[in-house]
Amino acid sequence: MLGPAPWHNNHIGDSDPACATIARSMTSDLKLRVGRAITPEQFELLSDEQLVRLLPRSVREFFPGKDFCADGTFYLHDGTVWSFYKGGYLDE
């Protein structure tokens with residue numbers, strides 16, 4: 001009898017090792033510095049804790065979490081908008 005097919009151990013829902021490697025390299029090469037602009041792909045890969053590190057301390061308390069950011073932006077208490085893709089306020 002032949003052994004299992006090469007794809008036998010790949011179950012639906014298992015992550016693709018190649019994709020995981022690419023994701024790790026994209027985030028590990030990223031320097032998480034205040035005001036650094038990121039791409040939409042990087043935004044999707046970063047956690048809330050990592051995204052907060054990109055914000056100035058004065059606005060960190062207003063970050064609603066990644067799930068509540070529309071197009072990589074969120075509103076602050078004074079009505080201004082912070083953009084992760086710009087690395088700053090949209091109106092600057």
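Which residues does Leu-54 touch, not counting residues up to four places away in sequence? Select Leu-54 and look around. It touches Leu-32, Arg-33, Val-34, Gly-35, Arg-36, Ile-38, Leu-46, Trp-82 and Phe-84. Contact here means heavy atoms within 4.5 Å.

Some ground rules before moving on. This is a predicted model, where local features need pLDDT of at least 70, side-chain atom pairs count only at pLDDT 80 or more, and totals for chains, interfaces and linings use all residues. Residues are numbered from 1 along each chain as its sequence is written, and side-chain values use heavy atoms, with hydrogens and water left out.

**The whole chain.** Zoom out and show the cartoon. The protein has four helices and three strands. From the N terminus the order is α-α-α-α-β-β-β. These elements are DSSP runs numbered from the N terminus: helices are H or I with at least four residues, strands are E with at least two. Of the 92 residues, 29% are buried. Buried means under 20% relative accessible area, exposed over 50%, and partly exposed in between (1.4 Å probe, protein chains only).

**The core.** Now select Ile-38, Leu-51, Leu-54, Leu-55, Phe-63, Phe-74 and Phe-84. These have the most contacts inside the largest nonpolar core, which has 15 residues. Such a core is a set of buried Ala, Val, Leu, Ile, Met, Phe, Trp, Tyr and Cys residues joined through side-chain atoms within 4.5 Å. In soluble globular proteins, nonpolar side chains tend to be buried together.

**The rings.** Next, show the aromatic side chains. Rings of Phe, Tyr and Trp (its six-membered ring) pair if their centres lie within 6.5 Å; planes under 30 degrees apart are stacked, over 60 edge-to-face, the rest tilted. By this rule there are six aromatic pairs. Start with Phe-63 and Phe-74: their centres are 5.4 Å apart and their planes at 65°, so the pair is edge-to-face. Phe-63 sits in the loop between α4 (57-60) and β1 (73-75), Phe-74 in strand β1, 11 residues apart. Phe-63 is buried at 12% relative accessible area, and Phe-74 is buried at 2%.

Step on to Phe-84. Its pair with Phe-74 is tilted, with 6.1 Å centre to centre and 40° between the planes. Phe-84 lies in the loop between β2 (81-83) and β3 (88-89), so the pair ties together parts 10 residues apart in sequence. Phe-84 is buried too, at 1%.

Ring pairs link Phe-43, Phe-63, Phe-74, Phe-84 and Tyr-85 into a cluster.
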